Amino acid sequence: MQSWSAPSVPVLPGRGPQLRLYDSADRQVRPVSPGDTAAMYVCGITPYDATHLGHAATYLTFDLVYRLWLDAGLDVHYVQNITDVDDPLFERALRDGIGWRELADRETDLFREDMAALRVLPPHDYVAATEAVAEVIEVVEKLLASGAAYTVDDAQYPDVYFHAGATVQFGYESGYDRDTMLTLFAERGGDPERAGKSDPLDALLWRAERPDEPSWPSPFGPGRPGWHVECAAIALSRIGTDLDIQGGGSDLIFPHHEFSAAHAESVTGERRFARHYVHAGMIGWDGHKMSKSRGNLVLVSGLRREGVDPSVIRLGLFAGHYRDDRFWSQAVLEEAQGRLHRWRSAATLAQAPDAADVVARVRRYLADDLDTPKAIAAVDGWATDALSYGGHDSSAGRTVATAVDALLGVEL
């Protein structure tokens, strides 16, 4: 699958500090310690609807990680998937009277346009599930051979499932108890009531062919990939076992990330799929949860059509910490618009306060678990001083603009 075009990222003098991030499995902030090449896998969209601000917040989070790695002098191997074969996609296509492939292609194109407009750095490997069926089949074969997977006794639909207890460490990523797991499993695409399963928590690896659904041949019968194994297979085939970050929204912690990690660990024998599990908070709208059922999704494409500068969207979402569930509102939008105007005005001054301290602080705050509120406050302070009192440095405005571009992806 073709990725989107990459924005230019300025190179700042010196090196940024080592990145520290909150790890969902360890429940603490700790250093991220990649080798010369940092590897990151972030779960992509299921392309049945347009990109909303919840999506944007997630991908902007990992865009910051990418930028900070670049600032630290690292090469980055970034992989992202597209779940272009799944029940929600088929259901939306049927509702709208459109072919599932046409719907997936249309929404993927729009997603790429939105990401390019937001100046999100693209993944090096952008892989659709339909492009990775062979890799999924290979993983499922290995899981069956090791006893970590089994086929249900169903002559009509012999689906293949993963034993939730196949790894002794299962559950370490989320830290949830079994009752919580069962509740979330049922709410988030699981099928605990499926007859023939060894355990209600066992996750689907291969869905046997059903009428009016796409399918691919396999040694265990025609069908299509399950959701979790898709990401495990793509990550293993593109990155292998040297994965620094598995990332996504906090709603993916369980079951999706827990199971994709367990699938990979069962295949490789590794104790831990990723060195860091990083998750972004949810975005609501004006005090309410943002959801399709409520009809209150704020779409990136909609804001763009209204003439909202993509840098305003970035600043509005960065006003809160990436791990916090938070709300978008007209007030958040207007505050971000005002902030961008002040920053741009300060950056164009012929004389401004020295920029070295503010650049150092932005680097330090972002390296400390992506503390965008503090980083924004640091630039706010510099801009206020510049607009109120001026300064003696003719290059300060350009220096700050370059740093804000490189680190926050905001164009001044």
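## Surroundings of R30

R30 touches L19, R20, L21, D23, R272, R275 and H276, leaving aside residues up to four places away in sequence. This comes from a predicted model. R30 belongs to strand β2, which spans residues 28–31. The relative accessible area of R30 is 19%, and R30 counts as buried because the cut-off is under 20%.

## Two sides of helix α5

Helix α5 covers residues 178–187, and M181, L184 and F185 in this helix are buried. These residues lie on the same side of α5, because they cover an arc of only 105 degrees around the axis. The other side of α5 carries D179 and E187, which are exposed.

The packing partners of the buried residues of α5 are β8 (203–208) and α7 (253–268). Just after α5 comes G189, with a positive phi of about 90 degrees.

## The second largest pocket

The second largest pocket holds about 200 Å³ of space. Its lining consists of D87, F90, E91, A93, L94, I98, G99, W100, D212, E213 and P214. Helix α2 (residues 87–96) supplies five residues, the largest share of the lining of this pocket.

By residue type, the lining of the second largest pocket divides into six nonpolar, four charged and one polar. Among the lining residues are the acidic D87, E91, D212 and E213, and also F90 and W100.

Key. Residues numbered from 1 in each chain as written. Predicted model: local features only at pLDDT ≥ 70, side-chain atom pairs only at ≥ 80, totals over all residues. Heavy atoms only, no water. Buried < 20%, exposed > 50% of the residue type's maximum accessible area, 1.4 Å probe, protein only. Helix = DSSP H or I, 4+ residues; strand = E, 2+ residues; numbered from the N terminus. Arc of directions from axis to C-beta. Contact = heavy atoms within 4.5 Å. 1 Å grid on protein atoms, 1.4 Å probe; cavity = no way out; pocket = protein on both sides within 12 Å on 5 of 7 lines; lining within 4 Å. Points joined across faces, edges and corners; volume = space filled by probe spheres on them. Nonpolar A, V, L, I, M, F, W, Y, C, P; charged D, E, K, R; others polar.
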